[in-house]
Amino acid sequence: MFASSQKNGDVMTWTVPKIKALKGEQKIATLTAYDALSAHYADEAGIPLILVGDSLANTILGYETTLPVTMDEMVHHTAAVVRGVKEGLVVADMPFMSYQGTLEHAIENAGRFIKEAGADAVKIEGGAMRAELVGTLVANGIPVLGHIGLTPQSVKELGGFKMQGKTEEAARKLMDDAQALEQAGAFAMVLECVPAELAQNITASLKIPTIGIGAGPHCDGQILVFTDVLGMGHGHVPGFVKKFADLKPQIQAALSSYKQDVEQGGFPS
Ligand code: KIV
């Protein structure tokens with residue numbers, strides 16, 4: 001199924017310069033994907049930017065938070081997503097503690113996503129404190145998607161999944177973080193759970209696109225989690241999510257019906 005849709009030179013593929021050029025031209029629909037099947041659906045829908053989020057941990061792998069997911073798990077799933085994508089730009093999310101240590105360790109891990117998994121770019125949480133790492137990766141040919149605001153890998157330090165940038169001081173710090181990431185060479189950045197007005201100001205101040213999640217309508221793009229968009233998740237769904245389908249009850253009804261048919265001899269007929 002996916003062999004024919006592997007990335008090749010025959011189709012229009014999204015690149016980092018093409019994504020950057022969308023700023024001010026077209027809003028950027030971004031979606032997470034975790035395997036070849038979800039990636040194939042996202043790609044067929046024409047989603048230009050596909051993130052293998054570390055939300056893999058809690059949406060697919062059954063962990064409570066994103067913190068436990070490992071490099072090996074992320075590389076394994078990123079490679080599957082790449083196999084399912086023909087046109088989209090695939091970004092791999094660097095998991096907790098894969099880049100928070102030394103620069104060497106972070107570069108080695110980022111390189112694995114490009115070399116082993118075939119990703120086009122990596123995503124890193126954090127602002128100014130990550131500028132040196134972002135600059136080094138970009139200088140070595142690894143494009144970086146930044147991520148500021150609510151950064152779930154810092155949930156223990158933040159004290160929960162809360163809106164960020166609410167005070168004047170916190171808003172100024174986020175603005176500085178955004179500028180630092182742009183200067184370091186990030187090609188775009190996720191703004192997660194920040195007030196809409198702040199997201200608007202950050203977006204207006206940058207030349208690179210912002211991709212919002214729970215950050216209001218003024219960002220250059222929006223990102224949502226695959227299972228949330230389709231209404232098939234089984235955990236807590238944040239209030240800002242819009243379900244574009246409600247598949248969970250349909251899947252449950254189909255599976256119950258299959259069970260019943262097998263048990264009662266209706267299938268095979
Ligand atoms: O892991 C993830 O899914 C993310 C996005 C929601 C931004 O980081």
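I began with the ligand and listed the residues around it: Thr 32, Leu 51, Gly 53, Asp 54, Ser 55, Asp 93, Lys 123, His 147, Val 190, Ile 213 and Val 225. I note here that the model is predicted.

I sorted this shell by residue type. Four of its residues are nonpolar, four are polar and three are charged.

Next I looked up polar atoms facing the ligand's oxygen atoms. For Ser 55, a polar side-chain atom lies 2.5 Å from an oxygen atom of the ligand. For Asp 54, I read 2.9 Å between a polar side-chain atom and a ligand oxygen. For Asp 93, an N or O atom of the side chain is 3.3 Å from an oxygen atom of the ligand.

Which pocket does the ligand take up? I found that its space is the largest pocket.

I turned to the strands. Strand E1 spans residues 28-32 and strand E8 spans residues 221-224; the two run parallel and are joined by four bridges. Within this pairing I looked up Leu 31, and its bridge partner in E8 is Leu 224. Thr 32, at the end of the range given for E1, is also one of the residues around the ligand.

Terms used:
Residues are numbered from 1 along each chain as its sequence is written. This is a predicted model: local features need pLDDT of at least 70, side-chain atom pairs count only at pLDDT 80 or more; totals for chains, interfaces and linings use all residues. Side-chain values use heavy atoms; hydrogens and water are left out. A residue is near a molecule or strand if one of its heavy atoms lies within 4 Å of it. A polar contact is a pair of N or O atoms within 3.5 Å; within protein, one must be able to donate a hydrogen and the other to accept it, and residues adjacent in sequence count only if both atoms are side-chain atoms. On a 1 Å grid over the protein atoms alone, a cavity is a set of points where a 1.4 Å probe fits but cannot get out, and a pocket is an open set with protein on both sides within 12 Å along at least five of seven lines; lining residues have an atom within 4 Å of a point. A molecule sits in a cavity or pocket if more than half of its atoms lie within 2 Å of its grid points. Ala, Val, Leu, Ile, Met, Phe, Trp, Tyr, Cys and Pro count as nonpolar, Asp, Glu, Lys and Arg as charged, and the others, Gly among them, as polar. Two strands pair if DSSP finds at least two bridges between them.
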